[in-house]
Amino acid sequence: MKQPSPRGEISALVLNTITGTVVAGQDALARLATLVEEAVAAVPDILYDDDLQLALFCLYELHYSGIDEAGDDWEWNPDLLRVRQQIEKAFERRVRDEVILGDLPGTTSEAVCAELFRMTGADSGPSMSRFVAKSATDDQLHEFAVHKSIFQLKEADPHTFAIPRLSGRAKAALVEIQADEYGNGLPARMHSALFARTMRELGMDDAYGAYLDAAPAITLATNNVMSLFGLNRRLRGAAVGHLAAYEMTSSQPNRLYSRGFKRHGYGEGATEYFDEHVEADAVHEQIAGRDMAGGLVESDPGLLQDVLFGAAAGLAIDTRMTIHIMEAWESGRSSLRPSAAMAS
C-alpha cells in the first residue's frame, strides 16, 4: 500500500517506526505506547479521531499487503502489537457502545437467519444508494468511489481471515462466498479488480491506498471494524455476522449505485462492479445467513451473541459513515478530508 501522510503524532511515529525513518529502539516504542495511552483517555470519540484511526489502519495493514518502505519484520513485533492492542481495546469498547441487542433468537440455522434478515431490514439510516441513484453529482460519484476504494480494492480479504477459524458447514459456506469474491479463479473477475476498473473509468488512480489521505476517520473506522473482527480469533463469530449483514444489505443498494453511474453516462466498465453484486449478493445472502452464520451457531451456540454483535456493529458504523457523507453533500460540502480531498 502507498504510504499515507500522518495525521498526528501517533500515526507519524507509527509510520516513522515501521519505515525506519526513526531508530525504533525501546525509547521510541515506549514513547508511542505512552502517546496512545494518553490519546485514548482524552479523545472525545475514537470513531472520528484521524490520528488513532490511521495508526490502527496502518498497524492492521502490516497483516495484509504491507506498506511501502515498511519492514516485514514489524508484522509480529511484540512491542508494536501491544500498541495495536491499546488502540484496539479502546476502539472495540466504542464499537460495542453502538450496539444494543434485543432478545436473542433460537440457535437453529433458520432462527439465526431470520434474525439477521430482521436486523438488516430494520436499518433506518439515510440511504446513500438512493441519493446516488437520483441526485448525486459527478463530483460526488468520485467522492463515493474514494470512500469505497479503501475496502473495495482489497475486497474480501478481512473476512477471509475467518476461514481457518471455522469448520464444517460454516467454513464451506464462507469459502463458497469468498471464491465468488475472488473471481472463482479468474483474476479479471475478482471484485477488487472490477472496482479498480470502475475507478479507471472515472479517470481515477486504481492503486490500493491512492486516496487513503482523503478518507476521513469514520471511513477508516468502517474498515478497521472488519480487521478487528478478522484478525482476532475470539471475534470469529463477529466476523461471520459482519459478513452476513454485508451480503444481506448489498444487492439492492448496488442496483441503485449502478443506476446513478449510468445517469451520468458511464458505461459497463464503470458499472460492472455494481451489476455483478446485484446478482452475486442475492445468492450470497442466503448462503451467508443460513449456512455460514446459522451453521456456525448450530455448531457452537455460544457464538450466537457474537454473530449478532458483528452484524449490528457493521450496520451501525456504516450508518455513521453514511451520515457523515450525506450531511456533507446535503450542505454542499465535500465529504472528504479538506486538506487532502482528491489530492491524489
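Over the face of which ring does Lys154 lie? Lys154 lies over the face of Tyr64, at 3.6 Å from the ring centre.

## The model

This is a predicted model: local features need pLDDT of at least 70, side-chain atom pairs count only at pLDDT 80 or more, and totals for chains, interfaces and linings use all residues. Residues are numbered from 1 along each chain as its sequence is written, and side-chain values use heavy atoms, leaving out hydrogens and water.

## Charges and rings

A charge counts as over a ring if NZ of Lys or CZ of Arg is within 6 Å of the ring centre and within 35 degrees of the ring normal.

Rings also pair with each other. The structure holds twelve aromatic pairs. Rings of Phe, Tyr and Trp (its six-membered ring) pair if their centres lie within 6.5 Å. Ring pairs link Phe144, Phe195, Tyr257, Phe261, Tyr266, Tyr273 and Phe274 into a cluster.

## The largest pocket

The largest pocket has a volume of about 970 Å³. A pocket is an open set of points on a 1 Å grid over the protein atoms alone, where a 1.4 Å probe fits, with protein on both sides within 12 Å along at least five of seven lines. The volume is the space filled by probe spheres set on the points, which are joined across faces, edges and corners.

The lining of this pocket has 39 residues; a lining residue has an atom within 4 Å of a point. Nearest the centre lie Thr249, Pro253, Tyr257, Asp318 and Thr322. Tyr257 also belongs to the ring cluster. Helix α15 (304-330) gives the most to the lining, with seven residues. Helices are DSSP runs (H or I, at least four residues), numbered from the N terminus.

The lining divides into 15 nonpolar, 19 polar and five charged residues. Ala, Val, Leu, Ile, Met, Phe, Trp, Tyr, Cys and Pro count as nonpolar, Asp, Glu, Lys and Arg as charged, and the others, Gly among them, as polar.

Thr198 lies in helix α10 (residues 191-201). Thr198 is buried, at 0% relative accessibility; buried means under 20% relative accessible area (1.4 Å probe, protein chains only). Not counting residues up to four places away in sequence, Thr198 touches Gly269, Ala270, Tyr273 and Phe274. Touching means heavy atoms within 4.5 Å.

Ser335 lies in the segment after α15. Ser335 is buried too, with a relative accessible area of 1%.

Note on methods. Helices (H or I, at least four residues) and strands (E, at least two) are DSSP runs, numbered from the N terminus. Rings of Phe, Tyr and Trp (its six-membered ring) pair if their centres lie within 6.5 Å; planes under 30 degrees apart count as stacked, over 60 as edge-to-face and the rest as tilted. Buried means under 20% relative accessible area, exposed over 50%, partly exposed in between (1.4 Å probe, protein chains only).
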